[in-house]
Amino acid sequence: MTTVYVADTGVFVRCGGPEKDKFQRLRRAVRQADISLRIPQRVYEELGGDTAAEEYPSGDVPYSAGIRSGWIVVADELDYTNPLVSTVMDETRRFIASETDRDEDRIEKADTALVGLAGQLLDAGEADRIVLLTTDKPAGRAAVRLLPTHGFEDCIEFRYVSEAFLETITADEFR
């Protein structure tokens, strides 16, 4: 069984910089487990990977060393021509808007991209199981509620990345 770990912007922001214990613990746990964290292009942009992205002032988050060393992997662009990807992203936007009592146009694109990437990986057979690591509870709940309606039952797990999670994380979290 192939498990892919998908992470959102908040995971890295919550960790702090490379000198921070939480960042070091996350890096060490991922490397010891011999896995990588996959991030959607949209998350890469939010972390400062695209200078044109203005949504978050988080360009100083030190993700680039993680990408170079391979424990963070920027996923391929989402295939919006894939009906599953576009549908699940639309459904995610509606789900989060309803759950948070916000207008759909106020929902962050990175949140929908997390669920879109999970669906794309499952649909393409690149993963049998997705573990979504996020600080965004509505996005996590959207993933576990919506993807099974598209035939991916028991294929998605949502882990809320709290401060406590990052302060105690070990490679066992990924086994």
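Among contacts in the chain between residues at least 6 apart in sequence, 73% join residues at least 24 apart. The model discussed here is a predicted one, and every value below is computed from it.

The secondary structure consists of eight helices and five strands, which follow one another from the N terminus in the order β-α-α-β-α-α-β-α-α-β-α-β-α. As to overall dimensions, the C-alpha trace spans about 40 × 40 × 30 Å along its principal axes. A compact globule of 175 residues would have a radius of gyration near 16 Å, and the chain, with 15 Å, agrees with that expectation. The charged side chains number 21 positive and 33 negative, and the centres of the two sets lie 6 Å apart.

A search of the whole structure for aromatic pairs finds two. Tyr5 and Phe174 form one that is edge-to-face, with 5.0 Å from centre to centre and 80 degrees between the planes. This pair links distant parts of the chain, since Tyr5 lies in strand β1 (residues 3–7) and Phe174 in the segment after α8 (163–168), 169 residues apart. Tyr5 has a relative accessible area of 4%, which falls under the 20% cut-off, and therefore counts as buried; Phe174, at 5%, is buried because its value also lies under that limit.

The rings of Phe23 and Trp71 have centres 5.7 Å apart, and their planes meet at 75 degrees, so this pair is edge-to-face. Here too distant parts of the chain are linked, with Phe23 in helix α2 (residues 21–32) and Trp71 in the loop between α4 (64–69) and β3 (72–74), 48 residues apart. Both Phe23 and Trp71 are buried.

A further place to look is Pro148, which is found in the loop between α7 (137–146) and β5 (156–160). Once its neighbours within four places in sequence are left aside, Pro148 is in contact with Ala143, Glu153 and Ile156. The C-alpha atom of Pro148 is separated by 9.9 Å from that of Gly119, a residue 29 positions away along the chain.

Terms used
Residues numbered from 1 in each chain as written. Predicted model: local features only at pLDDT ≥ 70, side-chain atom pairs only at ≥ 80, totals over all residues. Heavy atoms only, no water. Helix = DSSP H or I, 4+ residues; strand = E, 2+ residues; numbered from the N terminus. Contact = heavy atoms within 4.5 Å. Rg over C-alpha atoms; globule rule 2.2 N^0.38 Å. Lys, Arg positive; Asp, Glu negative; His and termini not counted. Charge placed at Lys NZ, Arg CZ, Asp CG, Glu CD. Phe/Tyr/Trp six-rings, centres within 6.5 Å; stacked < 30°, edge-to-face > 60°. Buried < 20%, exposed > 50% of the residue type's maximum accessible area, 1.4 Å probe, protein only.
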